[in-house]
Amino acid sequence: QVESDLHRINLSRFSLFYPEKREFFLEGKNIFEMNVFGGSRIFYSRRIGLENGEEVPIYAGARLLGKTGSTNIGALTMQTAPAQDTIPTTNFTVLRVRQDVLERSSVGAILTAKNSSKGYNYVYGVEGNYVTSKFLGNQNLVIDGVFSQSFTQGASNFKNISYRFEIDYPNDLMDWNISTFATDEDYNPEIGYVRRRNFRGYHVHYRYTPRPDIPWIQKVYFKPLDIDWFYTQGSNELESLNMEFRPIGVLFSSGDFFEFNIIREFDRVDEPFEILDEVIPSGHYWGTVYELQGRTFSGRKVSAHYSFSYGDFYTGKRSRAAVYSRFSINKHLALNINYSYNFLDLASASLVANEISGAIEYSFTPKLYTKLFSQWNNEDENIILNYRINWIPKPGSYFYFVINQDVSTAGGKLRTTDVTILAKVIWLFNI
């Protein structure tokens with residue numbers, strides 16, 4: 001029922017974020033969302049049923065979603081089975097409420113709880129936002145804030161908060177944003193996702209997008225300012241800096257778009273880390289990257305997103321090219337081909353990272369659909385094939401047939417490693 005994750009090669013010192021794909025958790029997921037900053041999430045459903053990349057069986061679960069008046073309510077509880085000899089049976093519970101106020105604004109709260117024989121982890125979060133389209137007469141304005149705190153059995157629970165506050169002015173001609181955020185070193189949402197800890201940061205951007213009176217141009221994008229600062233708490237030492245300057249971006253009347261960016265970066269590496277088995281030593285790294293990216297109109301038979309960049313990368317240089325294309329053959333058949341290439345010319349070695357994926361989709365009818373998905377990268381050296389048939393015999397009832405096939409390409413030889421065949425039936429009936 002669920003397509004395989006798109007495996008990626010990690011070329012950074014941070015963990016990769018993988019989106020949820022299980023239908024049970026996707027339904028109503030917007031109700032449970034409360035994000036502090038960037039990729040940090042108070043609730044991340046992939047923590048349930050997965051541990052260190054391995055599947056953990058789920059005994060049972062229940063979910064309640066609804067709205068009464070102006071109040072949105074969500075509740076979720078899941079009980080997982082013991083696994084891997086070290087993971088006890090565990091309960092995961094999430095409670096969420098969001099109240100609509102004024103015309104377009106809201107306030108809300110969330111509580112997550114993880115309980116097992118190894119201990120507990122509780123996290124709460126509160127949020128509020130003010131949204132208006134009548135600022136200065138007819139302009140949009142958003143004032144938004146989130147505060148969260150975690151409590152873990154056996155931890156100090158002293159520096160355990162995370163917060164964000166921002167003012168956003170998202171309008172057609174001018175768009176600017178000012179925000180501040182922080183995450184303490186002991187902040188630990190065990191049913192959430194945190195990309196980095198022990199920092200405070202600031203973000204500022206300004207974008208100017210006029211619509212010139214030129215027949216073949218719909219909008220022009222200028223971004224003279226886009227800066228993210230990250231400072232280490234306590235020492236107040238600069239940890240990371242990203243400054244992006246966009247001298248030109250154009251949205252054509254045809255729907256095609258391109259932009260050119262100049263990016264200035266800084267990263268303070270306190271502890272060495274590995275990229276493709278090569279060690280990036282600790283140090284202070286400044287660099288400049290030049291980037292061209294864009295897309296063609298998605299309504300065409302052939303459409304694509306593309307990006308090309310070149311610039312400094314830690315001890316050397318990095319060249320990157322990526323193309324994500326879609327071929328709509330007819331109303332039944334579509335083909336996706338994606339390719340990403342990275343060449344790292346580091347002081348210690350030259351490295352190549354290749355990622356290839358593709359899919360063939362065919363819809364016999366609106367109720368009968370099949371898809372073959374495949375991917376490979378040169379770090380895992382493993383071809384992953386995922387074939388699915390989805391049939392909807394009547395509304396509310398589903399049949400899935402899935403074949404997962406892994407083929408190792410290590411050593412230049414093809415070798416089948418794992419094969420999984422699954423069938424699933426969901427049948428809706430009246431009693």
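The following dialogue examines terms applied to a predicted model.

Guide: In this predicted model, local features need pLDDT of at least 70 and side-chain atom pairs count only at pLDDT 80 or more, while totals for chains, interfaces and linings use all residues. Residues are numbered from 1 along each chain as its sequence is written, and side-chain values use heavy atoms, with hydrogens and water left out.

Visitor: Why is Arg-96 called buried?

Guide: Arg-96 has a relative accessible area of 3%. Buried means under 20%, exposed over 50% and partly exposed in between, with a 1.4 Å probe and protein chains only, so Arg-96 is buried.

Visitor: What makes the link between the side chains of Arg-96 and Glu-127 a polar contact?

Guide: The distance is 2.6 Å; a polar contact is a pair of N or O atoms within 3.5 Å, where within protein one must be able to donate a hydrogen and the other to accept it, and residues adjacent in sequence count only if both atoms are side-chain atoms.

Visitor: Why is the pair of Phe-266 and Trp-286 called tilted?

Guide: Their ring centres lie 4.8 Å apart and their planes meet at 40°. Rings of Phe, Tyr and Trp (its six-membered ring) pair if their centres lie within 6.5 Å; planes under 30 degrees apart are stacked, over 60 edge-to-face, and the rest tilted. The pair is therefore tilted.

Visitor: How do you know whether Phe-266 is buried or exposed, and what of Trp-286?

Guide: Phe-266, at a relative accessible area of 7%, is buried, whereas Trp-286, at 44%, counts as partly exposed.
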